[in-house]
Amino acid sequence: MKEKGIKVIKEKCVGCGACIKACPFGAVTLESKIAVIDLDKCTLCGACKEACPFGAIVIYKPQGVKTDVSGYKNVWVFIEREEQKIASVSFELLGKARVLAGDLKSKVVAVFLGSDIKKDTQELIYKGADEVILVEKKELGHFIAENYANTIVRLIQKYKPEIVLAGATTTGRSLVSRIAVKIRTGLTADCTGLDIDKEKKLLIQTRPAFGGNIMAQIITPNYRPQMATVRHKVMKELPPDKNREGKVIEEVLDGKIIDDRIEFVKFIKEESYKVNLADADIIVSGGRGLGEPKNFSLIRELAAALNAAVGASRAAVDAGWIPYSHQVGQTGRTVAPKIYIACGISGQIQHLVGMQSSKIIVAINKDPDAPIFKIANYGIVGDLFKVIPLLVEKIKSK
Amino acid sequence: MNIVVCIKQVPETTEVKINPETNTLIREGVSSIINPFDMYAIEEAVRLKEKYSGKTTVITMGPPQADDALREALSLGIDEAIHLTDRAFAGSDTWATSLVLAKAIEKIKDVDMVLCGKQASDGDTAQVGPGIATHLGWPQATYVRKIDEVDFDNNSVVCERLLEEGYEVLKLSFPCLITVVKEINEPRMPSLRGKMRAKKQNIPAWGIKELGLKDEDAGLSGSPTQVVKIFSPPPRRMGMIIEGTPPEAVDKLFSELKKHLT
C-alpha cells in the first residue's frame, strides 16, 4: 500500500487539460493526449478530480482507523476573553452553534475558563448558550495554551461533545491544535462555512485554501469531537434575548492541569491599536503612495472619522513608516472587514490575499492600471492627497 | 544549544496572476520557495547558534523536490538537513504532519528548541507548530516576535509573543517549541561559501520506517480530516471606477459607502 491512491483512467481521458489548470502544484502534464500525474508533486488534494468533466481521475482513499463516534452530543464553543470582556468572535460562534445544534437537535454549550468570570455567564446564555461549563481558577486568569488545553481535554473526555468551535485568533489557534492532537481528532482552520449533513450527521467544514484560490470541503468522519476554527466577522452574533434561560455547570477539576514549564510574566498593551484589525468593521490602509511617513496622518484621520482601524501594505511597513502589527497581507494579518479602504496601495498579490475577503473594497490610487482596481468595488483614480481630505470633511459634516 | 527548524516548501505566490476576465488567480509553471515565515525561523536559529554555539538542523516533510528548500536553508547557515520523504506521507493533514515532524525531532535526540514559522503561506492553518509541541509533550510559545536571553542555569528562555492588542512576555523551560512572526529579525542573504557547502552536503532521507511509524499512521489514513470536495470560489464581481473631479468622485463614493455603513 505504498503507492499513492490516484489514477487516470486512460479510456475516459480525452486530453482536454482541465486537470492541468486545476492543479495547484503543477503535477499534471499531458503525454500523448492523456493526463499524467507526477506522484512526487501530487498531494492528493483532489482539485483535478473535481475539475475533470469526464470522471477520468479516481482517488482511492484508504479507510482510516474507525473509532466509535456514537455517544457524542452537543455543540461546544470555546469562549475567549480579551482583557475584561468576551471576544466578539465567541458570540458570533454561539450564533452559528445555535443553527448547528438546531439541525442536530442538541444543545449549545459555552466553555468558559478564567478567574472571577461568573458574572459574564448570563450574557453567554442571552446570546445563544443553553449551558455554560464554567471553570474558575486563579491560574486560569491569564491564557496559557498548555493549561487551557489540559482543562478542556479533561472536559471533552467527561462530556463528549460532538462539535467544538473556537475563534481563529492567536489564542484560539494556539489552543485548539493542542487539544485536537491530544484527543486525536480532526481540526479544520479558518472555516468560512459550517453546515450539517443531516443524513450522516457530519459537520461539513468549508475553508479557503491556497490563498483563497480554491475552496475545500472537509469532514472528520471517524473521530470526535469535530473541531473547527472560524475567523472574526464570518458568522453572525445573535441579538441578546433576555428571556433565554440556561444552566451554569461549575466544574472543579482535581489533579494537575497547570503546566509549570511555562510561566506568564506580563502583558504589554500597545496603545497604537485603537481598534484591533481582526475585529474591525472598517479598515483604512495606506501604502507606498503616501510618499513619506508623516503622511500616514492622513490615513489616521480618515480612520478616526470612520471609527476604523489602521492597516498598511508591506511596502509601508518595510519602509519603517508604521509598525509591523499594522501590516495586512501574506506576511502580515489576514482581514475581512465590512469595508476596506486601500489608499496608495497598488495591490500586489501578497497584499490582496490578506484582504480580498473584505465585503466592500474601496481603492484610491493615482495609477489607473494598479491591480487593486481589479478587485475593488469602488475605485477612485486620483491623487489621495486631494481625495482623502475631501472624504474626511464629507464624513465629519454628516 | 541544539536547535531544529521545521520548514515547508510552498508555491511562490508572486508568480500568481489574476485573470482579468474571471478575477480568479491563475497559476502556471509556479515555482516553489521556502514558506516566507520559515525564513525568519531559519535566521533566528542561526543567530541563536552564533550567540550561544551549538548545532542547527533543518527538517522538512515533502516530496523529492523539497530538497531545494533544505539546501537553501543550509546556504543560509544551518548546519545539517534531514529530508522526511515517503509516499506514505502524501495527503497528511496537520495532525499527521505534526506527528511525522515530532517523530523526526525525537530521533534527532537531545533537542533544546524547535523553531517554526507562525504558519505556512499556502495552508494558513498555524496548527502544525502547536501540534508538534503536543506530540512531543513540550511547552510552546506561538507568534513570537523576540527571543530574549537564554538562561542556561535554569534551562529556560524568555520571549515576547505578539497578540492582537499588544504582546505578552512568557518564560519557557527547555525543551520547547517556538513559532515566529516576521518582526523577529531580518533574514540574511546566502553567502557564496554557504551556497557551495549546501550544494555538496549530504542530506539523509528518512521515510516512514526510519521514524518507527506504520503506513497507516501518516498520509490519508493517518489524518482525522478528509477533503471531500474542492471547488472554485465565486469570482469577485468587478467594481466601478468612480469618474469625475475629486469633489464629485468623493460625493459619489460617500453616497455609495453610506449604504454599507449602517
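Predicted model: local features only at pLDDT ≥ 70, side-chain atom pairs only at ≥ 80, totals over all residues.
Reader: What about A:Lys201, buried or exposed?
Author: A:Lys201 is not a glycine, yet its phi is positive, at about 55 degrees. You'll find A:Lys201 in the loop between β12 (193-197) and β13 (202-209) of chain A. With 12 other C-beta atoms within 10 Å, and a cut-off of 12 or fewer, A:Lys201 comes out as exposed.

Reader: Which strands stand at the edges of the open sheet of ten strands?
Author: Read the order along the sheet: β17(A)-β11(B)-β10(B)-β9(B)-β12(B)-β8(B)-β1(B)-β6(B)-β7(B)-β13(B), with mixed pairing. A strand at an edge has a single partner strand, so one side of it is left without a neighbour in the sheet. That describes β17 (262-269) of chain A and β13 (205-206) of chain B.

Reader: Inside that sheet, which residue of β8(B) is the bridge partner of B:Val4?
Author: Strand β1 (residues 2-7) of chain B pairs with strand β8 (residues 113-117) of chain B in the parallel sense, over four bridges. Helix α4 (residues 128-136) of chain B lies across both of these strands as well as β9 (140-151) and β12 (176-180), running at about 60 degrees to β9(B). As for B:Val4, its bridge partner in β8(B) is B:Val114.

Reader: How many residues from chain A and from chain B does the contact take?
Author: On the side of chain A that touches chain B, the classes are 47 nonpolar, 26 polar and 24 charged residues. The contact takes 97 residues from chain A, and from chain B it takes 82 residues.

Reader: Which residue of β15(B) is the bridge partner of A:Gly379?
Author: Two bridges join strand β22 (residues 378-381) of chain A to strand β15 (residues 240-241) of chain B, and these strands run parallel. In β15(B), A:Gly379 is partnered by B:Ile241.

Reader: How are α11(A) and α6(B) oriented to each other?
Author: Helix α11 (residues 384-397) of chain A packs against helix α6 (residues 246-261) of chain B with axes 9 Å apart, at an angle of about 50 degrees. The crossing of α11(A) past α6(B) is right-handed. Since angles of 65 to 115 degrees count as roughly perpendicular and those under 35 as roughly parallel, the two helices are therefore oblique.

Reader: What classes of residue make up the contact of α11(A) with α6(B)?
Author: From α11(A) come A:Lys386, A:Val387, A:Leu390, A:Leu391 and A:Lys394, which meet residues of α6(B) including B:Pro246, B:Leu253 and B:Phe254. By class, that contact has no polar residues, two charged and nine nonpolar.

Note on methods:
Residues numbered from 1 in each chain as written. Chains lettered and ligands numbered in written order. Pairing = 2+ DSSP bridges. Contact = placed C-beta atoms within 7 Å. Axes fitted to C-alpha atoms, helices over the stretch in contact; angles between N-to-C directions. Parallel < 35°, antiparallel > 145°, perpendicular 65-115°, else oblique. Left-handed = near helix turned anticlockwise from the far one by under 90°. Nonpolar A, V, L, I, M, F, W, Y, C, P; charged D, E, K, R; others polar. Buried ≥ 20, exposed ≤ 12 C-beta atoms within 10 Å, placed from the backbone.
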